[in-house]
Amino acid sequence: MIYFVGAGCGAADLITVRGMNLLKSADVIVYAGSLVNPQLLDYASEDCQIYNSATMTLDEVMDVMVKAAKEGKKVVRLHTGEPSIYGAVQEQMHVLDEKGLSYESCPGVSACFGAAASLNLEYTLPEISQSLIITRMEGKTPVPKKESIESFAAHGASMAIYLSSGMMDELSKRLIDGGYSSDTPAAIVYKASWPDEKKFICTVGTLAETADSNGIKNLAVVLVGDVISKSGYALSKLYSADFETGFRKARS
């Protein structure tokens with residue numbers, strides 16, 4: 001069996017208990033060494049075979065996983081954050097499908113949630129935003145035109161923008177072109193939850209200046225939206241005394 005496991009966004013203790021137990025019982029681990037915290041490998045048994053996919057091609061990764069699975073070994077493919085977001089897992093799963101090999105997924109904490117925790121931030125404040133858009137700028141991987149930064153910015157919702165911290169000037173311009181004002185609150189969180197995490201509150205208009213002055217060129221998630229100001233929102237109905245739920249009667 002092969003398990004795709006989310007390592008979380010940085011801190012070794014942010015992996016799920018299920019993910020940790022899978023690492024402990026794995027015969028083979030293939031981990032994304034460029035981004036996964038190496039401390040997670042401390043969970044592996046002494047005789048576990050460990051491979052760093054940062055130095056491997058897709059074919060080489062699949063060769064290791066397929067061979068081990070056919071030998072009846074338990075394989076963990078350890079991806080950074082949450083594998084379903086920019087994890088490139090589907091292409092691996094298709095190869096396993098073709099080989100008739102079984103696999104399962106174990107979720108992880110993505111960087112936007114690690115960043116929100118670092119800032120003690122809620123993305124969905126009533127009357128401010130009830131949506132979170134997770135997206136990225138186009139790099140080597142193209143982004144469909146209908147998913148442009150401008151089109152998402154037009155909603156005015158909370159946004160978490162990955163893989164774009166090296167293009168802050170363009171990102172800022174496109175956010176403003178899409179509809180955000182230059183003074184819309186924004187945040188840059190570098191290596192969320194890692195020991196060397198850095199976090200900066202700024203505005204859409206000062207994203208590039210903030211990144212440049214603090215040496216942020218990669219490994220950061222950019223957050224945008226009025227929720228970052230933590231003001232001007234309405235209270236949730238969830239705990240309102242006059243709101244009745246299946247668990248609590250309304251109180252006058």
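The legends below describe an overall view and several close-up views of a predicted model. Residues are numbered from 1 along each chain as its sequence is written, and side-chain values use heavy atoms, with hydrogens and water left out. Because the model is predicted, local features need pLDDT of at least 70 and side-chain atom pairs count only at pLDDT 80 or more, whereas totals for chains, interfaces and linings use all residues.

**Figure 1. Overall view of the protein, with 7 helices and 10 strands.** Helices (H or I, at least four residues) and strands (E, at least two) are DSSP runs, numbered from the N terminus. The C-alpha trace spans about 60 × 50 × 35 Å along its principal axes. Of the 252 residues, 47% count as buried, a term that means under 20% relative accessible area, with exposed meaning over 50% and partly exposed in between (1.4 Å probe, protein chains only). Among contacts (heavy atoms within 4.5 Å) between residues at least 6 apart in sequence, 67% join residues at least 24 apart.

**Figure 2. Strand S4 (residues 75-79) and its parallel neighbours S1 and S2.** Strand S4 is largely enclosed by the rest of the structure, because 5 of its 5 residues are buried. In a regular strand, side chains alternate between the two faces of the sheet. In S4 both faces are covered, with Val 75, Arg 77 and His 79 buried on one side and Val 76 and Leu 78 buried on the other. Strands pair if DSSP finds at least two bridges between them. Strand S1 (residues 2-6) runs parallel to S4 and is joined to it by 5 bridges; Gly 6 has His 79 as its bridge partner. Strand S2 (residues 28-31) is also parallel to S4, through 4 bridges, and Ile 29 is partnered with Val 76.

Figure 3. Leu 78 is buried, with a relative accessible area of 0%. Its contacts, not counting residues up to four places away in sequence, include Val 5, Ile 15, Leu 23, Val 36 and Leu 40. Val 30 is also touched by Leu 78; the two residues lie 48 apart in sequence, and their C-alpha atoms are 6.0 Å apart.

**Figure 4. Helix H2 (residues 58-70) and what covers it.** The 13 residues of H2 reach 18 Å from the first C-alpha to the last, close to the expected 18 Å, which is 1.5 Å times one less than the number of residues. Its buried residues are Val 61, Met 62, Val 64, Met 65, Val 66, Ala 68 and Ala 69. Their cover includes S1, S2, strand S3 (49-52), S4 and helix H3 (90-99). Just after H2, Gly 72 adopts a positive phi of about 80°.

**Figure 5. Helix H6 (168-178) and the loop that separates it from strand S7 (158-162).** Gly 166 lies in this loop and is exposed, with a relative accessible area of 61%. In H6, the buried residues are Met 168, Leu 171, Ser 172, Arg 174, Leu 175 and Gly 178. Helix H5 (149-153), S7, strand S8 (185-190), helix H7 (207-213) and strand S10 (220-224) are among the elements that cover them. Gly 179 follows H6 and has a positive phi near 140°.
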